[in-house]
Amino acid sequence: FVYVPVLQILKLYSMHMYVDFSHWVEILWNILQSGLPLSQSSEFYLEGTENYFSTHFVPLFYLLAVPFKIWPTGETLIVMSFLIIVSSIIPLWKLSMCFGFDKNMSLIWLVIFLWNVTIQYITIYEFDMLRFSIPVFLWILYFLEQRKWGLFYVLLIMALMIREDISLTVFMFGLYLCFFLKDLRRGLPIV
């Protein structure tokens with residue numbers, strides 16, 4: 001799986017900041033310069049969308065500005081994206097152990113996850129904020145299984161900061177709590 005960021009960096013070098021990727025680097029650069037997620041490329045496509053929040057609500061993107069301030073290159077964005085996806089194996093490991101799998105079977109689940117075609121595709125394809133929902137939702141599932149409600153709610157709020165359309169998935173967690181776990185006290189506030 002380590003070949004994935006190498007392929008993405010080679011793609012970056014061969015395409016020289018292709019449009020979709022440069023869009024995110026531009027937003028990070030503008031966050032560092034002005035504190036605002038400004039995007040001339042969005043404004044070019046649709047007038048009135050220079051502030052990227054007018055197109056997508058992605059406040060968690062501000063966290064990526066911290067390492068980008070230290071290393072302001074496209075490679076930084078690629079490596080951060082890769083590390084965030086790979087970090088999904090931590091909650092996945094914990095979940096598999098929680099469900100009673102032994103270490104060998106848990107390791108097999110991690111390999112299946114990392115070699116999953118969809119995971120590889122979204123890691124190679126482009127940068128996008130939605131991929132950050134994968135480790136967050138795995139942690140949410142883990143804390144739900146462990147009944148660690150404080151961390152469960154904190155991560156639900158964090159998930160909502162990834163992008164606005166995550167709210168549908170968060171809504172489904174509320175329905176799951178209400179109808180399957182019969183816990184209206186915890187489920188209704190989410191719904």
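This is a predicted model: local features need pLDDT of at least 70, side-chain atom pairs count only at pLDDT 80 or more; totals for chains, interfaces and linings use all residues.
**View 1. The largest nonpolar core.** This core holds 51 residues. Phe61, Leu64, Leu77, Phe127, Met129, Ile140 and Phe152 touch the most other members. Helix H9, residues 133-146, gives the most to the core, with eight residues. In soluble globular proteins, nonpolar side chains tend to be buried together.

**View 2. Met129 and its contacts.** Met129 is among the core residues that touch the most other members. Neighbours within four places in sequence are left aside here. Met129 is then in contact with Trp24, Val58, Leu60, Phe61, Leu64 and Ile162. Two of these partners, Phe61 and Leu64, are also named among the core residues that touch the most other members.

**View 3. A nonpolar patch on the surface.** Tyr3, Val6, Leu7, Leu10, Tyr13, Leu107, Val111 and Trp115 form this patch. Together they have about 770 Å² of accessible area. Helix H1 (3-15) and helix H7 (103-114) each give two or more residues. H1 provides the largest share, five residues. Leu10 is found in H1. Its relative accessible area is 49%, so Leu10 counts as partly exposed.

**View 4. Two loop residues with positive phi.** Most residues other than glycine have a negative phi. Arg147 has a positive phi of about 60 degrees, although it is not a glycine. Arg147 lies in the loop between H9 and helix H10 (149-160). Arg147 is partly exposed, at 41% relative accessible area. Lys182 also has a positive phi, near 55 degrees. Lys182 sits in the loop between helix H11 (167-179) and helix H12 (184-187). With 64% relative accessibility, Lys182 counts as exposed.

Definitions and conventions:
Residues are numbered from 1 along each chain as its sequence is written. Side-chain values use heavy atoms; hydrogens and water are left out. A nonpolar core is a set of buried Ala, Val, Leu, Ile, Met, Phe, Trp, Tyr and Cys residues joined through side-chain atoms within 4.5 Å. Buried means under 20% relative accessible area, exposed over 50%, partly exposed in between (1.4 Å probe, protein chains only). Helices (H or I, at least four residues) and strands (E, at least two) are DSSP runs, numbered from the N terminus. Contact means heavy atoms within 4.5 Å. Patches are made of residues with over 30% relative accessible area and no salt bridge: like charges are joined within 9 Å, nonpolar side chains (Val, Leu, Ile, Met, Phe, Trp, Tyr) within 5 Å. Accessible areas come from the Shrake-Rupley method with a 1.4 Å probe; for residues, only the protein chains shown count as cover. A salt bridge is a side-chain nitrogen of Lys or Arg within 4 Å of a carboxyl oxygen of Asp or Glu.
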